[in-house]
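Let's walk through this protein together, one piece at a time. Keep the picture in view as you read.

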Amino acid sequence: MAATPREAIARVSAVRTLVPDVLEADLDLTEPLTLAFEAGQWISVPFGPKQVRAYSIASSPRSPARLTLCADVAPDGLGSRWFRRLTAGAEVCFKGPLGGFVRPPEERRTPLFVAEEIGIVPVRAIIAELAPGAAATLIYGAPDHRRPYDVELRERARDAGGFAYHPVSGSDVAAAVERLTQAGTDIVAYAAGGAAMIKRVREILLARGLDRKAIKWERFW
Ligand SMILES: Cc1cc2nc3c(=O)[nH]c(=O)nc-3n(C[C@H](O)[C@H](O)[C@H](O)COP(=O)(O)OP(=O)(O)OC[C@H]3O[C@@H](n4cnc5c(N)ncnc54)[C@H](O)[C@@H]3O)c2cc1C
């Protein structure tokens with residue numbers, strides 16, 4: 001059962017640059033000391049009345065005392081500037097876990113993951129929890145020089161039998177979905193990224209005969 005969201009406090013223990021303008025921050029929980037969540041869920045960081053930014057949890061639910069967040073700070077708005085300023089020792093207040101972009105343990109349909117740029121964060125978190133040989137396809141649209149987690153995804157595709165990895169340019173995501181899907185297959189899709197990409201991918205998959213409920217999506221921008 002999904003955990004009830006709650007207010008929480010954590011302290012930053014490390015910040016890393018993964019690729020240009022994409023940062024990861026480790027948050028060690030102080031109140032509560034651990035947080036139950038599901039891969040794909042997110043937290044909400046408040047910046048004032050009615051001003052929040054959402055960040056997907058990049059780390060595994062198997063490590064409930066430390067949450068890793070990963071942000072694209074190129075948009076340079078309130079959230080990006082806050083993330084850029086994070087340093088070890090900083091206190092972070094947030095609410096979570098939130099959201100239904102998760103893969104329930106009883107799900108048996110083969111997943112098709114579609115990620116655009118930083119939309120990879122919840123997708124990669126879900127993929128990391130799949131059984132090693134589980135069948136899954138990932139279409140990941142991003143510029144080659146700005147593709148966080150590319151190395152580990154390539155390694156999984158090489159080492160874990162059923163995982164097919166298709167890195168493409170941002171503009172080729174819809175074409176890749178067209179190329180790699182067929183009507184009549186028993187798949188469940190998870191798409192995360194910008195609104196335009198999600199709309200196009202939904203149109204393609206609905207035309208392939210997928211049920212609306214078989215297409216989960218998380219709109220980042
Ligand atoms: C459920 C959910 C989970 C999210 N998880 C993450 C996450 O794990 N990592 C992360 O970096 N962001 C994530 N986001 C987006 C995040 O909440 C912020 O919107 C983002 O960081 C930009 O905030 P900002 O204040 O810097 O820019 P804003 O002031 O919010 O946006 C400035 C402009 O940039 C556009 N924009 C925002 N983000 C992007 C982007 N990535 N690419 C292109 N254009 C963009 C906006 O539409 C706007 O026009 C998530 C959003 C949601 C709803």
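The protein chain is assigned two domains, domain 1 (6–98) and domain 2 (110–219), with bounds that come from an automatic or database domain assignment. This is a predicted model, where local features need pLDDT of at least 70, side-chain atom pairs count only at pLDDT 80 or more, and totals for chains, interfaces and linings use all residues. Residues are numbered from 1 along each chain as its sequence is written.

The centres of domain 1 and domain 2, taken over C-alpha atoms, are 23 Å apart. Their contact takes 12 residues from domain 1 and 12 residues from domain 2; two residues are in contact if their C-beta atoms, placed from the backbone, lie within 7 Å. On the domain 1 side, strand 1 (6–19) and strand 5 (66–72) each supply at least two residues. Strands here are DSSP runs of E with at least two residues, and helices are runs of H or I with at least four, numbered from the N terminus.

Now look at strand 5. Of its 7 residues, 5 are buried, so strand 5 is largely enclosed by the rest of the structure. Buried means that 20 or more other C-beta atoms lie within 10 Å of a residue's own, with C-beta atoms placed from the backbone.

Key:
Buried ≥ 20, exposed ≤ 12 C-beta atoms within 10 Å, placed from the backbone.
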